Amino acid sequence: MEILNTEAERQKLNELSGRIIGLCIEIHRELGPGLLESAYEECLAYELSKAGLRFERQRALPVRYKEVQLDCGYRLDFVVEGSLIIELKAVTETHPIHEAQVLTYLKLDKKPLGLLINFNVPVLTKGVKRVVCGDLFKDEAGRRGFGMSLLSLLCASVSLWF
């Protein structure tokens, strides 16, 4: 029974992340690169609302150190449907530290999947990275291949959407 629940959760998150990537592609096609992160954030909030998705924006993320909870000023750009973290960027290029940031947010908030989306690229599919935490997206061999295969398929078919 637990395997079915795991598969259902994985499928739900994959579908949700696919919808969000689609919304971000729509924003990027309309506005292109070069704006501030805050502009893309406003647009994504609008699109998420229009799509009827529940989300929290700029949610505080306390750091738990031993028995103390610390408010260090960390904020999650978006948490969608209570399960998916989205971190937006508008930078020349993303670096490993950006992925590490999302991974740390996932660990602190106990979430399995996050999206790092950099809008400052010519083609948005080049600015999307899925970040996973925990065992939910590990395949039978212990690697995290399924999610990346899905993202590759999704990105390859984006031009067919429009």
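Two strands are taken to pair if DSSP finds at least two bridges between them, and strands (E, at least two residues) and helices (H or I, at least four) are DSSP runs numbered from the N terminus. The structure is a predicted model, in which local features need pLDDT of at least 70 and side-chain atom pairs count only at pLDDT 80 or more, whereas totals for chains, interfaces and linings use all residues. Residues are numbered from 1 along each chain as its sequence is written, and side-chain values use heavy atoms, with hydrogens and water left out.

Strand 6 (residues 113–118) is paired with two other strands. Five bridges link strand 6 to strand 7 (residues 128–132) in an antiparallel arrangement; here leucine 116 has lysine 129 of strand 7 as its bridge partner. Strand 5 (residues 84–89) runs parallel to strand 6 and is joined to it by six bridges, with glycine 114 of strand 6 as the bridge partner of isoleucine 85. Between strands 5 and 6 the chain passes through helix 3 (residues 96–109), forming a right-handed β-α-β crossover (with the strands pointing away from the viewer, the path from the first strand over the helix to the second runs clockwise).

Six of the six residues of strand 6 are buried, so this strand is largely enclosed by the rest of the structure. Buried denotes under 20% relative accessible area, exposed over 50%, and partly exposed in between (1.4 Å probe, protein chains only). Leu113, Leu115 and Ile117 cover one side, and Gly114, Leu116 and Asn118 lie on the other.

Valine 68, in strand 3 (residues 68–70), is partly exposed, with a relative accessible area of 37%.
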